[in-house]
Amino acid sequence: MVRAHLTRHLRALHGWLDANAAGNPDTEAHRFHLHEQIERFLNRTHDASTPAPDVRIPPGSPIGQDAPAYHQRQAERRTWLEAALPKRAVCHAPW
């Protein structure tokens, strides 16, 4: 149903661009480009009824792995800063 409405709208716009091609050079160029893009879309050889191939899931599971490297580096930096700087009230994210 969506494809039918889209095609009808594009065909109507394509006809409007045919009838209203005149204007200043910038408008003409823009309308010509739109006309060509719509024509290319409507005349494509794509078969939308063919389903897309299944996507294979890569092996392994991200659940349960160690923390990402940036998390580990952030924890190391925080440990170093806490040891190097004097203790004072600091607001930081708990991760």
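Predicted model: local features only at pLDDT ≥ 70, side-chain atom pairs only at ≥ 80, totals over all residues.
Q: Why is Leu85 called partly exposed?
A: Buried means under 20% relative accessible area, exposed over 50%, and partly exposed in between (1.4 Å probe, protein chains only). Leu85 has 42% relative accessibility, and therefore counts as partly exposed.

Q: Why does His14 count as buried?
A: The relative accessibility of His14 is 15%, so this residue counts as buried. His14 has its place in helix α1, made of residues 2–19.

Q: Why is Arg40 called exposed?
A: Arg40 has a relative accessible area of 59%, and is therefore exposed. Its place is in helix α2, residues 25–42.

Q: What makes the pairing of the His14 and His35 side chains a polar contact?
A: A polar contact is a pair of N or O atoms within 3.5 Å; within protein, one must be able to donate a hydrogen and the other to accept it, and residues adjacent in sequence count only if both atoms are side-chain atoms. The side chains of His14 and His35 make such a contact at 3.1 Å. Another polar contact, at 3.3 Å, joins the side chain of Arg40 to the side chain of Gln37.

Q: Which residues is His14 in contact with, leaving aside its neighbours within four places in sequence?
A: With those neighbours left aside, His14 is in contact with His35, Ile38 and Glu39, where contact means heavy atoms within 4.5 Å.

Q: How do you know that the pattern of the protein is α-α-α?
A: The secondary structure comes to three helices and zero strands, and reading along the sequence gives the pattern α-α-α.

Q: What is the confidence in the helices of this model, and where is it lowest and highest?
A: Confidence is given as pLDDT, the predictor's confidence in each residue, from 0 to 100. It is lowest in α3, at a mean of 78, and highest in α2, at 92. The protein averages a pLDDT of 80, and 77% of the residues score at least 70.

Technical notes: Residues numbered from 1 in each chain as written. Heavy atoms only, no water. Helix = DSSP H or I, 4+ residues; strand = E, 2+ residues; numbered from the N terminus.
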